[in-house]
Amino acid sequence: MTDGVLVLSLIAKKIFHFGLCLGLFSFISIAIAKDATHVNKELTLGELNALSKTSNNINTPNATSFSSLDSNTCNVDDSTSSPLLPHINSPLLQSQATTPLVPAPKDISKAQKEQRSKNLKVGELELSKKQQKTFELLGEAIAREGDNVIATGDASVMNTELYALADKITYNTQTKFVRLQGNVKIYKNDQLYLQANQATFYLNSDFVIIEPFYVQESSTGIWMSAKAAASNKNIFRFNSSIVSSCSVVSPAWRIDTSSGSFNKDKSIVQLWNARIYIGDVPIMYLPYLRLSTENKRTSGFLYPTTGSSSTEGFVYLQPYYLALQDFWDMTFTPQVRTNRGGGLNYEFRATSPYHDNLILNARYFYNIPEYVKNLNLVNSQIYGFDIKTSSRNFMQKYLGLKSGIDNGLYVDFAYMNDLDYMRLDRFNYFLNTSSYTSRVNFYTQVGNNYFGTNFKYFLNFNVADNRTTLQNLPNLQYHRYLSTLFFKELLYSIDYQLKNTYRPIGYSYVSNELSIPLGMNFSIFNKFLSLGIWTNIYAGNIYAGNIYGNNKTPLYTFDTMGSDFVLNPVTNRYGNYLAANYRISLNLDVGKDYNKFFHALQASFSLSAPFANSVFTNGLLGKNVVQTYSLLGTSELQAIQNRFDIWDPSSFTSVFAGNTRIDLNLSNYFYNLNGKELFYWRATQILNLDDTVSPVRTPMENKLGTTPIDGLNLSTSFFYSFFYNVFTELALNASYSSKRVSAGVSYYLKRDTAFAVDNLTLTRTITDASNFLRLNFSGDLGYFGLDGFISYDFRTNTILNLGIGIHKDIKCFGVAIKAGSDRTPILTNVTNDGNSQISVIQNNYVKFEVKFVPLTSVGYVYRLRPRIN
C-alpha cells in the first residue's frame, strides 16, 4: 500500500518530466507518420480532391522525414506574366473570413451537367475544328462590360480540363482570366477538385487563388483552414492556417501555423512555425512539421518513444522507417537509456506476391558496467534475433509444384542470450515468462495421408546452461486418417512418429513409435446408443545415451536391502515395447424439447485393457523400470522435474497403454428457443484399475458455464481428487461487458499432485503450484473513463501487477494518466560458482498520454527505483 501511495504522490513530478521531454522536440524537424491500417483515403478541399488510391501490400505506418528548409515554400508566382492576378497578401484576400463550407458532392456526371445547362443562357462558346465544345460559359443572366463577360445565377464554366460552378462568374475574353464568386465548386475529371467562396485563375495557367481555403480529409475528419491559398501546378500555399480534427468552433486541440503548403500530387502538408494547442493552452512548438495525408508508405523518421526511470535514466527510442519498394520495408531504431547504455533494434518485413508475410527482428543492447553491477546481471551485452513466417501450399508457390497436394510451412524461431531481448523494443513492456519455444513445422497431405516434420527448440533461462535442455530436432510423423477396411463398418488409422530428442549435455535419445487402432461402431436401440469395439496395437523402441559423456544413462532402481531408491548409470542404451489392448465403448446422445428450452444429453462409457500376455518391454522401458518409476518418492520426482541428467520413461505414453481403465464422460447442454446456449456441464472421470494404491487417483474433471443475461458470462473448471479429498485444480471466471462498462474476475488454483503423497511413507504434502486472483475493470463513467486491474499471488502474498488510470476521450482528442506496478523476471548472478538464476524485478511507474486523433498519441512513462527479489 505504501508503494501505491508513493506512486500516486509522484504524479505531479512525472508530468513535469513529461513537459521537459516535449521540449526536446522543438529542436527536431519531425515528419509525422500515420497508421497505415487506415483504409485508402481521398483528400478533398472541403471534401476537396479525389486522390489516386495507392495499393499497399504491407500495412505499415507512414513514415516522415527530416526535410531541409525550402526558402521558396511560401512564395507565390506573382510575376509580370500575370499582372491582373491577386497575390496571397492582397487586401482582397486578407479581408475574407475563414469559414468552413458545406461539403459539395464529390463527383458530377455528364447527365448532371446536361441537366444543369437546360434553360441557361450562353455567355461565351468556343468550338474545336471538329465542332466539339472547348469552352462554354453559362448563366441565368449574361452581361457584358468591355472585354468581360459576366454570368450570374447558377453560373457554370467549362473547358477541356475543368467544370466549375458559382453564383457569379467573370470571364475576360482577351486575357482568359476567370473569377468565380459565391459557392465555388471546381471539378476536374468529374471529381471535386476544390470548393471555396472565391477562386481566380487563368485558363492557360495552372495558377489558382482559393478564398477561403478549407481542406477536410473525409475518412478521419482532419481539416485545414486558411484565409486564402494560391495553387500552382497542384501545390497550394497559404499563410496563417489552422489544422485540427475537432469541431471548427473551439476545437479541443489545434495546430496554428504561420505558413505552409499542400502538395496534392504527393499528398504532403508542410507547416512552418507550428504551435500545438490544447484548448487555448500552447503545449508544444515545432519549427517545421510534415504530414502525409494518405496511407502511402513513406521513408523517414517515426514518432519517438520516450520515458524516464530512476534506474535507466532518460529513455529515448527514435525509429527510422525505410520503404523503397511496395513489397518490403524495414525499421532501424537506435535507443539510448542514459543510466543503462544504448543499442539498436532492427525490423524487416516483406510480403510475397502470394500475400505470405515474413517478419525478421534483430536487437542488440550494451549495458554499462555500473548498471550490470547494481542489478547483478549475467550479461553486459544483450542480443538475439527472431523470425516469423507462414505459408499455405508453399511448394506450389515457390518450388513450382504442379500437383494439388496440400502442404504448409510455419516458422517461429528465436535465439537470445537474455530475457531482456524481448523488452528492448519498448520501454514499459510487461514480461511474465522465463522461457521461449521456437517452432518450425512443415506438412503435406495426400488424400487421407498426412506427413509432418516439426522442430522445437527450447530456450530455458531457469537453468544455468541451456545445453542441458532436451530439444526436438526434428520429429517426423506419418498419420493415416480414419479409413474403411474391407467394408464400411470396419475402420482403422495409423500413426507413426520418429523423435530425435537431443541435447549436448546429458542423455539424448531417438525413438520410434507406432499405433494402429482397428475397430467398428454400431448403432443400437433405434440409434439411441452406439456400441464401439476397438483394438489398438502399440510398438516402439528407443536408443539413448550421453553423447559427450560415458554413454551411460542414469537410471533409478530400488535397493531391496536398504529399502531405498538408488541412481545407477546403466550401459544398456536400448528399450523396446510391444503391446495390444482392446476398448469397448457405449455412447448416448439424446435431446428433449421443453416449452422454453431444449436439453441435450451426451454420455459415454469406455473400458480398455490389455490382451492377456500381450505386453512386452525390455531395457530402458522394461517392466521393472516402469514399476519402479511409478513408486518414486518426492525427492526423486523433484530431481527429474529439475532436469537433472536422469532417465525419465514417462514421456513414452504408449508404454502405459496396457493399464486396465474405465473412462466415464457426461455432458449436459441447455439452449433457449433461439438456439443460444444457457448452461452447460461436462464431467470426466478415469478409473485406473491397475493402480495398486487407488483406482481414483486421477482427479475428476468438471466444467460448468452459464450466460444468464446478455453480457454476463460465468464459468468454472475444476479437478477434484476423491483420493486426496482436495481440489487439485480450480478455475473460476466471471465477466461482464456492455457498451459502457466491462469487468472481470478470475481465480486459478493448481496443486502439484506429483508430490502429494510419498509412495513409501504415504506422507501427504499438498503444494500449490499456482494460486492467484485477477480483477479488472474498464468503464465510461460519463465525465471520465476509469480503468484498473490487480493480480494477487496467494502463495507468496504478493501483488503481481497493479494498475489504475483515468482517461477522457472525445471524438478527436484524449488524455489519460495511469499509475501501476508490475513484476517481471530478469537473469541475474546469485551463486558463487557463477550460475545464473531468474530474479524478479518490481517496477512502479506513472504514464501520461495525450491523443491527437487521428494523427498520433504522445506518451511519457516514469518508473521509480525497482526492487529486486
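The model is predicted: local features need pLDDT of at least 70, side-chain atom pairs count only at pLDDT 80 or more, and totals for chains, interfaces and linings use all residues. Residues are numbered from 1 along each chain as its sequence is written, and side-chain values use heavy atoms, with hydrogens and water left out.

**The disulfide**

- The count is 1 disulfide, meaning a pair of cysteine sulfur atoms within 2.5 Å.
- Cys246 and Cys812 form the link, with their sulfur atoms 1.7 Å apart.
- The link of Cys246 and Cys812 is right-handed, at 100° about the S-S bond.
- Cys246 sits in the loop between β14 (235-244) and β15 (253-263), and Cys812 in the loop between β46 and β47 (813-829), so the pair ties together parts 566 residues apart in sequence.
- Strands are DSSP runs (E, at least two residues), numbered from the N terminus.

**Burial of the cysteines**

- Cys246 is buried, at 8% relative accessible area.
- Cys812 is buried too, at 6%.
- Buried means under 20% relative accessible area (1.4 Å probe, protein chains only).

**Thr798**

- Thr798 lies in strand β46 (residues 798-809).
- Thr798 counts as buried because its relative accessibility is 15%.
- Its side chain makes a polar contact with the side chain of Thr796 (2.9 Å).
- A polar contact is a pair of N or O atoms within 3.5 Å; within protein, one must be able to donate a hydrogen and the other to accept it, and residues adjacent in sequence count only if both atoms are side-chain atoms.
- Leaving aside neighbours within four places in sequence, Thr798 is in contact with Ser791, Tyr792, Asp793 and Arg823; contact means heavy atoms within 4.5 Å.

Note on methods:
Helix = DSSP H or I, 4+ residues; strand = E, 2+ residues; numbered from the N terminus. Buried < 20%, exposed > 50% of the residue type's maximum accessible area, 1.4 Å probe, protein only.
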